[in-house]
Amino acid sequence: MKYVLQTLALIALSLLPACQNTDGGANTLEPRNINAGALVAPILTDAGVVTTNYPAEGRVPIYILPESHDSLQQQREQALILVRLQRKLGISTIVLEGATEITEQPKRMDVDAVYGMFTEGDLSSAEFLAAGFGVPLTAGETKEGYAVEAPKGSLCHTVADIAYLDALLDAKEDAEKVKAIKAHQENVRSKLDAMDTENAALLRDLNKPGALDCPGFANKGRVITTKTNAILAEIVPPSSRFGPMFIRNCPATQGRNDFSQIESELDDVGTLTSLTDQLPEGLVDEQKKYLEQYRAFLQSRADATHLMAERAITAAKSASAPVIMIIGAAHEGGTVTALREAGVPFAVIATISLKAEGDSVSPIGTSLSPGEYDRKMKAYPARNSAVNRILYAEGKIAKPVCSKTRKKPPPSIYQRWALRKADVYDLSRRFADAALSGDGSTPPPPPPPGWANGSASIDPSGARFNRGANGRLLGIAFPLTITAGGAEPEKTVWMYVEKRDASTDKEIDIEARLKEDVIEGRKLGEQAKIVFLSRNLKARTYETSAELERMEKLSQQ
């Protein structure tokens, strides 16, 4: 029976492209019943799973890919799914959260250069498909809505403050009870102060100049948050009228890590605001101000949900290939509701790591550090590397802030540094490919107009081949001069390149490489200094030739 279902799904898969007009005339795709989940199931296998399927009449299906915005592993899985979708069904457009306007489609780039930037976290899966495969992007947001930021402060602390003041109000006629409540509050405050003291070293590390990646913050921060919530829960017990909201929004134990939905949070904040309206005027004014600001932020994200759904529905009305939506997991519930109400065929595809994270607080695969995430929110390169600092502007990205924003970073693909970085990687790849494909006796001869483009140049005379004890060619080192974005007109770094699969010279297809990346997600995250110039070449860069010699221990040639 299993194989019968797979065969039927494959037959359904073959029907969608066949409905497109291939003679260059007008699109003739007619509305029909579409089972979006059955169409996509054969290509998910090792990367994702359909969690919601809604068959309906339509021209093309809409596929929703929810994500945790900081997860590199989920980006890898998304990219694998999207490349397969593009090859099997085609993709008409990707509606992208975080994009506020698309005045022109991203420039097509060498797919290997784009792949290299994707693996470093510079580009999202959507940008990888756009620049590497020509898939159009559609902005999912407005500038006004995206600009709304969450207020500084903590919802959980705010609820605890309100619950404490409410408890005092209820006990105002009982002096002993008021005294006990205040003593309990002081005890809780002491516990919170002890938590701050215990984690002071971590907090200090985050503020040190050059604290490149806010080390360990994501995992430790998650543990600290649940411990803090457990302490605050002593002020907001389940018996409190504020208890249910606190439990839903402030998990106090390590356990299932559900992705709270924006609409549910809005309902809770609305209920909380209504309850505070029943308290005496002036008692919780500060807390109510925070709630108003937080509600405005949540409303802006809920509005973004509806806008993204509307734009996907509009795109599907005239499309001849599936429409993709890449959204934060918190938008999933609102998006599903909007698409069901519109009666369009759709399916939700959860990547394997997203689905797994729903059962544990342990991160699956690698993620952007808070410092890297902050750089992406500013449309800087993700890593604070020598190459990136030159491309952007010397010293500009030297000190990150540990970002705690919940929004999707804006696209980087339009940034000047990203276009130049693609040039740098393309040039380096072509030079290394030429060098490593020969016998390693002489540098590769320069093609016209030499080993240079508008963003970088390589002096072949400075190249050095590296061999193992048995004479096997291991790699090549060379000086790479990059046109700087800062005060200096140019700056040279040293790059060492070797084949990614040292045991074989076999070229690998981009889809196969993405599949390997999904499997090796944790390993790739540990190789933070590695740059992938292509699907087949890996490199490391150094500030000086002395550092290169020390780290690579090059053989003398």
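H3 passes H19 in a left-handed crossing. A crossing is left-handed if the near helix is turned anticlockwise from the far one by less than a right angle, and right-handed if clockwise. This is a predicted model, in which local features need pLDDT of at least 70 and side-chain atom pairs count only at pLDDT 80 or more, while totals for chains, interfaces and linings use all residues. Residues are numbered from 1 along each chain as its sequence is written, and side-chain values use heavy atoms, with hydrogens and water left out.

**Overall make-up**

- The protein has 21 helices and 14 strands. Both are DSSP runs numbered from the N terminus: helices are H or I with at least four residues, strands are E with at least two.
- Of the 557 residues in the protein, 51% are buried. Buried means under 20% relative accessible area, exposed means over 50%, and partly exposed lies in between (1.4 Å probe, protein chains only).
- Take the contacts in the protein with a separation of 6 or more: 77% of them come from residues 24 or more positions apart. Contact means heavy atoms within 4.5 Å.

**Helices H3 and H19**

- Two packed helices are described by the angle between their axes and the distance between the axes.
- The axes of H3 and H19 come within 9 Å and cross at roughly 155 degrees. Axes are lines fitted to C-alpha atoms, for helices over the stretch in contact, and angles run from 0 to 180 degrees between N-to-C directions.
- H3 and H19 are therefore roughly antiparallel. Angles over 145 degrees count as roughly antiparallel, under 35 as roughly parallel, 65 to 115 as roughly perpendicular, and the rest as oblique.
- The crossing of H3 and H19 is left-handed. H3 brings Gln73, Arg76, Glu77, Ala79, Leu80, Val83, Arg84 and Arg87 to the contact, and H19 brings Ile510, Glu511, Leu514, Lys515, Asp517 and Val518.
- By class, this contact of H3 with H19 has six nonpolar, one polar and seven charged residues. Ala, Val, Leu, Ile, Met, Phe, Trp, Tyr, Cys and Pro count as nonpolar, Asp, Glu, Lys and Arg as charged, and the others, Gly among them, as polar.

**Helices H4 and H5**

- The axes of H4 and helix H5 (residues 125-133) come within 9 Å and cross at roughly 165 degrees. That makes H4 roughly antiparallel to H5.
- The crossing of H4 and H5 is right-handed. Val111, Val114, Tyr115 and Phe118 of H4 meet Ser125, Phe128, Ala131, Gly132 and Phe133 of H5.
- The contact of H4 with H5 holds seven nonpolar, two polar and no charged residues.
- Nine of the nine residues of H4 are buried, so H4 is largely enclosed by the rest of the structure.
- The cover over the buried residues of H4 includes helix H3 (72-88), H5, helix H18 (416-437), H19 and strand S13 (531-532).

**Salt bridges**

- The whole structure has 29 salt bridges. A salt bridge is a side-chain nitrogen of Lys or Arg within 4 Å of a carboxyl oxygen of Asp or Glu.
- Arg301 and Glu97 form a salt bridge (3.0 Å, N to O). Arg301 lies in helix H13 (residues 285-318) and Glu97 in the loop between strand S5 (93-96) and helix H4 (111-119), so the pair ties together parts 204 residues apart in sequence.
- Arg301 is buried at a relative accessible area of 3%. Glu97 is buried at 1% relative accessibility.
- Arg241 and Asp166 form a salt bridge (2.8 Å, N to O). Arg241 lies in the loop between helix H10 (217-232) and helix H11 (243-249) and Asp166 in helix H7 (residues 155-170), so this pair ties together parts 75 residues apart in sequence.
- Arg241 is partly exposed at 35% relative accessibility. Asp166 is buried, with a relative accessible area of 7%.
- Arg500 and Asp517 form a salt bridge, with their closest N and O atoms 2.6 Å apart. Arg500 is in the loop between strand S12 (490-499) and helix H19 (510-519), and Asp517 is in helix H19, 17 residues apart.
- Both Arg500 and Asp517 are buried.
- Asp46, Arg84, Arg87, Asp509, Glu511 and Lys515 belong to one network of salt bridges that share partners.

**Around Asp268**

- Asp268 is in helix H12 (residues 262-276). Asp268 is buried at 8% relative accessibility.
- Asp268 touches Met245, Arg248 and Asn249, leaving out residues up to four places away in sequence.
- Asp268 and Arg248 are 20 residues apart in sequence and 8.8 Å apart in space, C-alpha to C-alpha.
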